[in-house]
2 protein chains.
Amino acid sequence: MSNVAQFPKSTAKSVTARALAVLGALSAQEPSMTLSQLARVAGLPVATVYRLAGELEEGRFLQRDAAGRYSLGVRMWEMGLLTPVHGHMREVAMPFLLNLQYECRETVQLAVCDGVDAVYIEKLTLDTKTPVQSRIGARIPLHATAVGQAILAVSDQSFIDVISGMPLPRFTDNTVTTPRALNKLLEQVRDQGFAHSTEEYVAGSTAIAAPVMVNGKVEAAIGIVNYELRDDLEIYVPQMLEAAAGLGHRLEELAANPESH
Amino acid sequence: MSNVAQFPKSTAKSVTARALAVLGALSAQEPSMTLSQLARVAGLPVATVYRLAGELEEGRFLQRDAAGRYSLGVRMWEMGLLTPVHGHMREVAMPFLLNLQYECRETVQLAVCDGVDAVYIEKLTLDTKTPVQSRIGARIPLHATAVGQAILAVSDQSFIDVISGMPLPRFTDNTVTTPRALNKLLEQVRDQGFAHSTEEYVAGSTAIAAPVMVNGKVEAAIGIVNYELRDDLEIYVPQMLEAAAGLGHRLEELAANPESH
DNA sequence: AATGACCTTTTCACTCAGTGAAAAACGTTC
DNA sequence: GAACGTTTTTCACTGAGTGAAAAGGTCATT
């Protein structure tokens, strides 16, 4: 059933905006589409999309498979890796994440705050049947995950107010959905220095997370997740805090020295 | 003096092409630029780039830092993750790579073949001063790296011929640069089931690598690198082969079942 | 083989979105 | 304070981009 109509952008914008709309039509749910699907989702005439997609393909931002379906091209991927989020943050964080993973042998995550939610930048997991929720690049709510709470707790009060002022969607029975409860929770996180969340986002998963501070400002969060409701996850808190602190310091160093490799 | 009009780049044609040229101006070497740099590199008038960059920023394909410099935006990164190269292979491979990393505590790499060279898809490293050469997304020569050789050795003979027919650039004293020598090397790789390369690409580094076979066709390679010329890297061959085989089987399973998690 | 459903590709007259030189407005460094 | 490089705004002009419609493909179903 096509109940789509998520982008009814009748307001035909600039050529560039249209081109981006074409690219944006592809999503995690539908990473490849036919020309006409693309047109429908982007809300543009087929002929227009035909031309635009052709040019995007030329530039390798799109690619067509054997069947003629469009998906995002290698160029897109290559360029994505030049993004500060990846190029810098992920690269610098890797050794810390790996060491932490080595010590706890649980799934280790790195997330940053972007807009009003958190985004997973890296996930090191040994789990072969890992849930989709925490795909790298996935956006996750700040109020309902350990990494989100770790970031939010040490953010500016004004930002906290913005977030707690927005609707706080419920994902499980344990999700915190009122501003009051959220603020209380965040205070607790600040007190103990890390967040601990049990089944607030996904049933059956529990997680701890710590903020990564760079020059007094939170830049990311490192978390440990377990999908079997381990109740002793906190035994890894020291190592996690060490990883978070270590990463923070390293980022400060790199920010100071332009490029001290 | 006479610096009036120098248009080094051939004038990009369509609006879309120009927009892509603006994005394409950013590179691994210069991941962030001022507006006018952007214009110069893209070979477009400043006013034009000003407008285009504005729109690209709106769509979060570009972003500006505090100083007003442009770099690639989060959107670019998010979408890059939807690319076929990344999405599947990397996700499935992670547990195998992590286990291998756990066992050898050396830098572990995953690469696939794209066109006439290999591309690093993932790199797990504990090394904080890791060389730039093996950046994720970096393209590396098939003839001069362990992962490249591992892939090439088990490729179709026709493809091997194409590669060995091309110029084989020399990177170090140890680089194999003649078709004869390359073929001999590849035969050896086939015989022993893995590649072992010492200072063929980067001085001071040694690596081993094994191909990942999926239904009889090579799809990737898993490698272990060391930057201090460890001469006993081969002790990890069994684990590496196990990881490669494990990943191969997992990929076969997933190819069979459309989507079994 | 004829039908219909859905897709891709081409065409073409119209017009409005995109253009870029030039000038204004900043922000530096000497 | 002037000389330089930057970013931003303005504006008259015009060809690049548009999209409806028609033509051409491909694949089921009858």
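Predicted model: local features only at pLDDT ≥ 70, side-chain atom pairs only at ≥ 80, totals over all residues.
Local features are given at pLDDT of at least 70 and side-chain atom pairs at pLDDT 80 or more, whereas totals for chains, interfaces and linings use all residues. Residues are numbered from 1 along each chain, chains are lettered from A in the order in which they are written, and side-chain values use heavy atoms, with hydrogens and water left out.

In chain A, the domain assignment, which is automatic or taken from a database, gives domain 1 (15-79) and domain 2 (84-256). The C-alpha centres of these two domains of chain A lie 33 Å apart.

Two packed helices are described by the angle between their axes and the distance between the axes. In chain B, the axes of helix α1 (residues 15-25) and helix α3 (residues 46-58) come within 10 Å and cross at roughly 80°; helices here are DSSP runs (H or I, at least four residues) numbered from the N terminus, and axes are lines fitted to C-alpha atoms over the stretch in contact, with angles from 0 to 180 degrees between N-to-C directions. α1(B) and α3(B) are therefore roughly perpendicular to each other, a term used for angles of 65 to 115 degrees. In the contact (heavy atoms within 4.5 Å), B:Val15, B:Arg18, B:Ala19, B:Val22 and B:Leu23 of α1(B) meet B:Val49, B:Leu52 and B:Leu56 of α3(B).

Around DNA strand C there are 15 residues, of which A:Val15, A:Leu35, A:Ser36, B:Thr48 and B:Arg51 come nearest; a residue is counted as near if one of its heavy atoms lies within 4 Å of the strand. Of the atoms of DNA strand C within 4 Å of the protein, 79% belong to sugar or phosphate and the rest to bases.

DNA strand D is surrounded by 14 residues, and the closest are A:Thr48, A:Arg51, B:Val15, B:Leu35 and B:Ser36. Phosphate oxygens of DNA strand D lie 2.6 Å from a polar side-chain atom of A:Arg51 and 2.7 Å from an N or O atom in the side chain of B:Tyr50.

Definitions and conventions. Helix = DSSP H or I, 4+ residues; strand = E, 2+ residues; numbered from the N terminus. Parallel < 35°, antiparallel > 145°, perpendicular 65-115°, else oblique. Polar contact = N/O pair within 3.5 Å; in protein donor to acceptor, adjacent residues only side chain to side chain.
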